[in-house]
Every structure is written in C-alpha cells, then in structure tokens.
Amino acid sequence: MSSEVTISHSLRRLLGSLDAEVTQEMQGEIKEAGDIIEAEILKRVPVDSGDLAHSLARKDRPKRLELEVGYSPKLGKKKWRLAGWRAKFTEYGTRGYTPDRWVKGRNKKWKKVYNRISSGQNHYGTHAVPARPAQPFVEPGYEAARPQIQARLDAALKRLLWKVG
C-alpha cells in the first residue's frame with residue numbers, strides 16, 4: 001500500500017538524453033513531491049502509539065525520476081516489522097468474528113465447539129471480536145497532495161523545456 005510518483009517513459013527517455021545539470025531541477029522537484037506526500041500522509045495517520053507514523057517509508061529513485069511513499073516490506077523491512085503491516089488493517093478496516101474453540105471430548109478426540117456469547121454454563125471465556133472501522137489515511141493524503149504536485153512538476157517541466165529549447 002503506497003503512493004507512487006512516476007514520470008512517463010517517453011519523458012524519462014527525453015530527459016535522459018539531456019545533460020545532468022538540466023535534469024537536476026526535475027530530480028529536485030520529485031524529491032519535493034515526496035516531502036509533500038509524506039507530510040500529507042503523516043497529517044492523517046491515526047495516532048495510538050505513534051508506531052504507524054514512524055513506520056512510513058519512502059524510496060527515492062532520482063535517476064529514474066521515480067518516488068514511492070507508503071507501507072511496504074520492499075521500502076524498509078525494519079519499518080515494516082515495527083508497524084507497517086498494521087497499515088492495511090487501519091486503512092481498510094477489519095470484519096468482526098466470534099472465535100471458535102477446540103476442546104477434547106469424552107472420547108479424547110479434539111472437536112470444534114462453537115462458542116455462543118452467553119452467561120450460560122458452556123461459556124469458555126471467549127468473546128466476540130468487533131469489527132474495526134476503516135480509517136483511510138494513505139489514499140486521502142495522496143489525493144490531497146496531487147494537485148500541488150502536478151502544478152509543481154508542470155512548472156518544472158516548462159522551465160526545463162524553456163532552458164533546452
């Protein structure tokens with residue numbers, strides 16, 4: 001689950017044929033776009049212990065004019081283990097369920113007991129796990145940053161084409 005900013009292949013090929021000095025401005029704009037996306041996502045992250053905000057990862061590829069911000073084991077294994085794996089459950093929510101138990105019956109075989117939540121005699125202490133509502137923060141953060149990023153990249157591209165041509 002991540003947001004990605006990528007320049008089209010044909011534009012990348014055109015920029016690759018130019019001098020490195022000319023394309024540095026575009027690379028800087030891609031990094032600035034990453035800062036904007038990261039700030040917008042961090043504004044919207046639900047804070048419980050703060051681990052989810054700390055596990056937001058980012059991968060810049062300035063030579064390829066690509067950027068990826070989000071939660072993925074590809075972006076950082078250590079951050080993923082911290083709390084990145086929980087981001088999907090927070091973003092999309094979970095469904096509730098009632099856990100079942102396996103107990104040994106009279107004939108010493110394991111059997112499934114469907115627990116019913118009650119105050120009756122066969123209550124084994126399990127309880128229903130409620131559904132967690134969705135709290136989207138990655139997609140809304142990216143969508144909020146998109147117009148600003150597009151305007152910045154368009155302006156940088158116009159300046160670049162003005163210099164070249």
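The largest pocket holds about 330 Å³ of space, a pocket being an open set of 1 Å grid points that a 1.4 Å probe fits, with protein on both sides within 12 Å along at least five of seven lines. This is a predicted model, in which local features need pLDDT (the predictor's confidence in each residue, from 0 to 100) of at least 70. Residues are numbered from 1 along each chain as its sequence is written.

**Pocket lining**
- Lining residues, which have an atom within 4 Å of a point, number 13 for the largest pocket, and Asp48, Leu52, Arg86, Thr90 and Arg132 lie nearest its centre.
- Helix 3 (51-54) and helix 5 (87-92), helices being DSSP runs of H or I with at least four residues, each supply at least two residues of this lining.
- By residue class, the lining of the largest pocket divides into four nonpolar, five polar and four charged residues.

**Helix packing**
- The axes of helix 2 (residues 20-44) and helix 6 (residues 138-164) come within 9 Å and cross at roughly 165°, which makes the two helices roughly antiparallel (angles over 145 degrees count as such).
- The contact of helix 2 with helix 6 comprises 18 nonpolar, three polar and eight charged residues.

**Confidence**
- The protein chain has a mean pLDDT of 80, with 78% of its residues at 70 or more.

How values were computed. Predicted model: local features only at pLDDT ≥ 70, side-chain atom pairs only at ≥ 80, totals over all residues. Heavy atoms only, no water. Points joined across faces, edges and corners; volume = space filled by probe spheres on them. Nonpolar A, V, L, I, M, F, W, Y, C, P; charged D, E, K, R; others polar. Axes fitted to C-alpha atoms, helices over the stretch in contact; angles between N-to-C directions. Parallel < 35°, antiparallel > 145°, perpendicular 65-115°, else oblique.
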